[in-house]
Amino acid sequence: KQWYQRRVAITAGTAEIQSVEEQYRNIRGSDVIFPEFYPSSAVIGSVFVEDVLPFFENEEENSSQYLFLCKDAVSLAIPIKCKGQHKIWKLGKREHSSVLDQLF
């Protein structure tokens, strides 16, 4: 259980922006105002993963088998360009060092 209790970087992809905006519109209504620009292909922050639970079907769309319970979210002042991969992967040394520079 301890293997996942750690700080992880959060990256911004490009494919999911429209679907996330649509989910918010469905929940909050059509008058929600979204930013005109989103960082993409970049590390944008980090969270501490507190627990990982099996995901059970509910009203939310989710392609994961697990639900990640996170806390202590931190946004980076300057997004760090990074060619990401799908799901969870290990950051390169350069990106890791750049993230640490901004967090501490």
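View 1. C82 counts as buried, because its relative accessibility is 7%, and the limit for buried is under 20%. The structure holds 0 disulfides. A disulfide is a covalent bond between the sulfur atoms of two cysteines.

**View 2. The whole chain and its order of elements.** The chain has 2 helices and 3 strands. Read from the N terminus, the elements follow the order β-α-β-β-α. The chain counts 104 residues, and 19% of them are buried. Take the contacts between residues at least 6 apart in sequence: 65% of these join residues at least 24 apart.

**View 3. Confidence along the chain.** Mean pLDDT for the chain is 82. A value of 70 or more is reached by 84% of the residues. Confidence is highest in β3, with a mean of 90. Confidence is lowest in α2, where the mean is 85. Where pLDDT is low, the predicted coordinates should not be read in detail.

**View 4. The open antiparallel sheet.** The sheet is built from 3 strands, ordered β1-β2-β3, with antiparallel pairing. At its edges are β1 (7-12) and β3 (66-81), each of which pairs on one side only. From one strand to the next, the twist averages 30 degrees. Strands of a sheet pair through backbone hydrogen bonds, either parallel or antiparallel.

**View 5. Pairing of β1 with β2.** Strand β2 covers residues 42-54. β1 and β2 pair in the antiparallel sense, over 6 bridges. Within this pairing, T11 stands opposite V43 of β2.

**View 6. I10 in strand β1.** I10 is a residue of strand β1. I10 counts as partly exposed because its relative accessible area is 33%. Leaving out residues up to four places away in sequence, I10 touches A42, V43, I44, G45, S46 and V47. One of these partners, I44, is 34 residues from I10 along the chain. The C-alpha atoms of I10 and I44 are separated by 5.9 Å.

**View 7. Helix α1 and the residue that follows.** Helix α1 takes in residues 17-28. Its 12 residues, at 1.5 Å a residue, should span 16 Å. The expected span is 1.5 Å times one less than the number of residues. Just after α1 comes G29, with a positive phi of about 105 degrees.

**View 8. Helix α2 across the sheet.** Helix α2 spans residues 93-103. This helix lies across β1, β2 and β3. Relative to β3, α2 runs at about 90 degrees.

View 9. E95 sits in helix α2. With 12% relative accessibility, E95 counts as buried, because buried means under 20%. Apart from neighbours within four places in sequence, E95 is in contact with I80, K81 and C82. Among these partners, C82 also counts as buried, at 7% relative accessibility.

Methods:
Residues are numbered from 1 along each chain as its sequence is written. This is a predicted model: local features need pLDDT of at least 70, side-chain atom pairs count only at pLDDT 80 or more; totals for chains, interfaces and linings use all residues. Side-chain values use heavy atoms; hydrogens and water are left out. Two strands pair if DSSP finds at least two bridges between them. Helices (H or I, at least four residues) and strands (E, at least two) are DSSP runs, numbered from the N terminus. Axes are lines fitted to C-alpha atoms, for helices over the stretch in contact, and angles run from 0 to 180 degrees between N-to-C directions. Contact means heavy atoms within 4.5 Å. pLDDT is the predictor's confidence in each residue, from 0 to 100. Buried means under 20% relative accessible area, exposed over 50%, partly exposed in between (1.4 Å probe, protein chains only). A disulfide is a pair of cysteine sulfur atoms within 2.5 Å.
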